[in-house]
Amino acid sequence: MSPVDNEIIHKQLNWRYACKKFDPTKVIREQDWNILTESFRLSASSYGLQPWKFIVVQNPELRQKLQDASYGQTPVTQASHFVVLTYKEQLDEAHIDKFVAETAKSRGVDPSALEKFKSVMVGDLLKGPRFETIKWWAQRQTYIAMGSILTTAAMMEIDTLPMEGIDQAGYDKVLNLEGSGWKTIAAVACGYRAADDKYQHSKKVRFPASDVFDYR
Ligand SMILES: Cc1cc2nc3c(=O)[nH]c(=O)nc-3n(C[C@H](O)[C@H](O)[C@H](O)COP(=O)(O)O)c2cc1C
């Protein structure tokens, strides 16, 4: 049996909406924030390579500059926490080596036992045809982490706004990412909805299950 009741899961999935107006006086407790960061960190990724970095921006001046680079969307400055999702633009052997070393450490195996695993990743991602579009691969992985945080937050009754409506290059400038190898792809504002955010009352618009599931 599931440790969480199905009805509760369904209720929380419906409770979540894209919060457009946050209550700036409500702050996520540290212990709750720590679970949300774990949700980012524990997210799945292809081979487990985690080609991401999550920049938590709490400095008000930086947040204001990011809001300016987000077409004025107020959640950037009003939400309790603001996370910029960045991806590794050019996956390289150093990143794969770092991951292989972490795997060896975490699982208590000799790195030499992972040589084959490493060569599969290098062959597929660095030397194969996928390398040409490797930045899109890294972006996709990062979006998985975004999906994960939205669901975890909903289970905790923490509001979120996933944000793609941002000037990514502008973010890279504000955050000094140019030349770092990391690039902005999206952002997530996290906090608590303002009582007068009218969007919380909007009915969900979803295609019927018969449209989006094809059982064979
Ligand atoms: C990747 C992604 C990017 C989004 N970017 C924005 C955004 O920049 N601004 C905004 O107000 N909503 C944004 N949204 C919210 C969507 O408009 C919203 O999720 C969608 O309309 C479904 O509504 P619901 O999330 O309230 O169920 C984004 C959602 C996703 C998943």
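## Helix 5 and helix 6

Helix 5 crosses helix 6 in a right-handed sense. The contact draws on Glu-93, Ile-96 and Val-100 from helix 5, and on Phe-117, Lys-118, Met-121, Val-122 and Leu-126 from helix 6. Sorted by class, the residues of this contact are 6 nonpolar and 2 charged, with no polar ones.

The model is a predicted one. In it, helix 5 spans residues 93-107 and helix 6 spans residues 115-126; their axes lie 11 Å apart, and the packing angle is about 150 degrees. Angles over 145 degrees count as roughly antiparallel, and helix 5 and helix 6 are therefore roughly antiparallel to each other.

## Helix 2 and helix 7

Helix 2 (residues 30-41) and helix 7 (residues 134-155) have axes that come within 8 Å of each other and cross at roughly 150 degrees. Because of this angle, helix 2 and helix 7 are described as roughly antiparallel. The crossing of helix 2 over helix 7 is right-handed.

On the helix 2 side, the contact consists of Leu-36, Ser-39 and Phe-40. Helix 7 contributes Ala-145, Ser-148, Ile-149, Thr-152 and Ala-153. The contact of helix 2 with helix 7 contains 5 nonpolar and 3 polar residues, and no charged residues.

## Ligand shell

Which residues surround the ligand? The shell is made up of Tyr-17, Ala-18, Lys-20, Gln-73, Leu-161, Pro-162, Met-163, Glu-164, Gly-165, Ala-186 and Lys-204. Strand 3, residues 159-163, supplies the largest share of the shell, with 3 residues.

The shell around the ligand divides by class into 6 nonpolar, 2 polar and 3 charged residues.

## Overall fold

The protein chain holds 9 helices and 4 strands. Read from the N terminus, the order of elements is α-α-β-α-α-β-α-α-α-β-α-β-α. Along the principal axes, the C-alpha atoms of the protein chain occupy a box of roughly 55 × 45 × 35 Å.

The protein chain has 216 residues, of which 27% count as buried. Among contacts in the protein chain with a separation of 6 or more, 80% are between residues 24 or more positions apart.

## Two single residues

Is Asp-5 buried or exposed? Asp-5 sits in the segment before helix 1 (6-15). Asp-5 counts as exposed because 10 other C-beta atoms lie within 10 Å, and the cut-off for exposed is 12 or fewer. From Asp-5 to Leu-49 the C-alpha to C-alpha distance is 32 Å, and the two residues are 44 residues apart in sequence.

Leu-177 is placed in the loop between helix 8 (168-174) and strand 4 (182-191). Leu-177 has 20 C-beta neighbours inside 10 Å and therefore counts as buried; the cut-off for buried is 20 or more. Apart from its neighbours within four places in sequence, Leu-177 is in contact with Thr-86, Asp-172, Trp-182, Lys-183 and Thr-184. Leu-177 and Glu-102 are separated by 75 residues in sequence and by 25 Å in space, C-alpha to C-alpha.

Terms used. Residues numbered from 1 in each chain as written. Predicted model: local features only at pLDDT ≥ 70, side-chain atom pairs only at ≥ 80, totals over all residues. Axes fitted to C-alpha atoms, helices over the stretch in contact; angles between N-to-C directions. Helix = DSSP H or I, 4+ residues; strand = E, 2+ residues; numbered from the N terminus. Parallel < 35°, antiparallel > 145°, perpendicular 65-115°, else oblique. Left-handed = near helix turned anticlockwise from the far one by under 90°. Contact = placed C-beta atoms within 7 Å. Nonpolar A, V, L, I, M, F, W, Y, C, P; charged D, E, K, R; others polar. Near = placed C-beta within 6 Å.
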